[in-house]
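Subject: Structure handover

Hi,

Here is the structure I promised. My notes follow below it.

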Amino acid sequence: MRVVAVWTIKGGVGKTAAAVNLASLSALEGQRTLLCDLDPQGAASFYFRVKAKVKGGGRKLLKRSVELQRLVRATEFENLDLLPADFSYRRLDLDLDARKAPEGRLALKLAPLAGEYDTVFLDCPPSVSLASESVLRAADAVLVPVIPTTLSLRGLAQVRSFARKVGRRGLLVLPFLSMVDRRKRMHREAIELCAADGGFLRAAIPSASVVEKMGIHRAPLAVFAPSCEAALAFGLLWRELKARIGNSG
Ligand SMILES: Nc1ncnc2c1ncn2[C@@H]1O[C@H](COP(=O)(O)OP(=O)(O)OP(=O)(O)O)[C@@H](O)[C@H]1O
Ligand SMILES: [Mg+2]
């Protein structure tokens with residue numbers, strides 16, 4: 001089982017869009033896939049038409065005695081399950097803090113799922129917190145969407161430094177360009193800086209209204225626009241990600 005977190009400090013940069021589209025591509029390939037919606041906003045749960053409600057809320061989710069599998073819901077897609085969000089996750093930090101060794105709690109909760117899933121995606125809220133620390137300890141890789149602007153690049157530097165400090169050994173930090181608009185000079189200039197960085201994946205997700213329409217269709221691109229430029233870019237991102245995280249086992 002491979003655990004891929006989609007996380008960065010910045011909000012509204014395409015984390016959920018990436019988590020939802022990558023999870024659907026993984027499932028379409030026949031990989032047993034779980035998407036954990038860790039964001040009280042519940043956007044990933046919304047896209048997959050699963051009610052954003054966990055019985056007992058975040059506090060129950062973190063209990064040692066509660067099997068995560070009991071909280072998981074099936075989606076309309078074969079091979080794709082979802083752990084819905086709950087609005088109580090806004091207090092996840094406080095709930096974690098009340099536990100022993102809170103940084104390791106998410107990894108502990110996910111471990112029993114190793115035989116059930118090939119790939120687990122974590123759609124994370126935009127913050128840097130105890131919950132993020134727990135995510136970085138549980139993940140094999142963290143995908144970091146970066147809009148090509150100066151502030152996003154600054155955010156990436158903060159993510160890298162935090163991941164070095166608290167992430168599990170061997171954690172891969174994989175930034176990729178998100179919401180790219182090459183008509184904007186600032187984007188073109190920032191893309192050059194990203195290319196010079198050397199650590200970016202090659203896939204670049206274009207800024208495209210079809211991605212926003214996922215909210216209307218309540219479905220990933222693979223369902224209603226599988227050949228659009230953005231869907232192809234997510235396809236490339238998925239192939240690169242697989243190559244980096246290796247086959248699950
Ligand atoms: N490639 C894209 N092109 C155009 N719009 C996009 C793209 N990706 C995401 N969006 C839109 O931008 C908004 C934010 O996207 P998304 O929810 O994926 O970001 P996020 O990083 O998960 O946000 P948050 O930090 O609030 O969780 C949404 O309205 C979404 O439809
Ligand atoms: Mg999100």
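A residue counts as near a molecule or strand if one of its heavy atoms lies within 4 Å of it. By that rule, 17 residues surround ligand 1. The closest are Gly 12, Lys 15, Thr 16, Pro 206 and Ala 208.

Some conventions. This is a predicted model, where local features need pLDDT of at least 70, side-chain atom pairs count only at pLDDT 80 or more, and totals for chains, interfaces and linings use all residues. Residues are numbered from 1 along each chain as its sequence is written, ligands are numbered from 1 and chains lettered from A in the order in which they are written, and side-chain values use heavy atoms, without hydrogens and water.

- A backbone N or O atom of Thr 16 is 2.8 Å from a ligand oxygen atom.
- For Ala 17, a backbone N or O atom lies 2.9 Å from a ligand oxygen atom.
- A polar backbone atom of Gly 14 sits 3.0 Å from an oxygen atom of the ligand.

The protein covers 80% of the 620 Å² of accessible area (Shrake-Rupley, 1.4 Å probe) that ligand 1 has on its own.

Next, helix packing. Helix 1 (residues 15–28) meets helix 12 (residues 229–245) at about 70°, with axes 10 Å apart. Helix 1 is therefore roughly perpendicular (65 to 115 degrees) to helix 12. Contact means heavy atoms within 4.5 Å. Helix 1 contributes residues including Ala 17, Asn 21 and Leu 25; helix 12 contributes residues including Phe 234 and Trp 238.

Helix 7 (residues 150–166) and helix 8 (residues 185–197) pack at about 25°, with axes 10 Å apart. They are therefore roughly parallel (under 35 degrees) to each other.

Best wishes

How values were computed
Axes are lines fitted to C-alpha atoms, for helices over the stretch in contact, and angles run from 0 to 180 degrees between N-to-C directions. Helices (H or I, at least four residues) and strands (E, at least two) are DSSP runs, numbered from the N terminus. Angles under 35 degrees count as roughly parallel, over 145 as roughly antiparallel, 65 to 115 as roughly perpendicular and the rest as oblique. A polar contact is a pair of N or O atoms within 3.5 Å; within protein, one must be able to donate a hydrogen and the other to accept it, and residues adjacent in sequence count only if both atoms are side-chain atoms.
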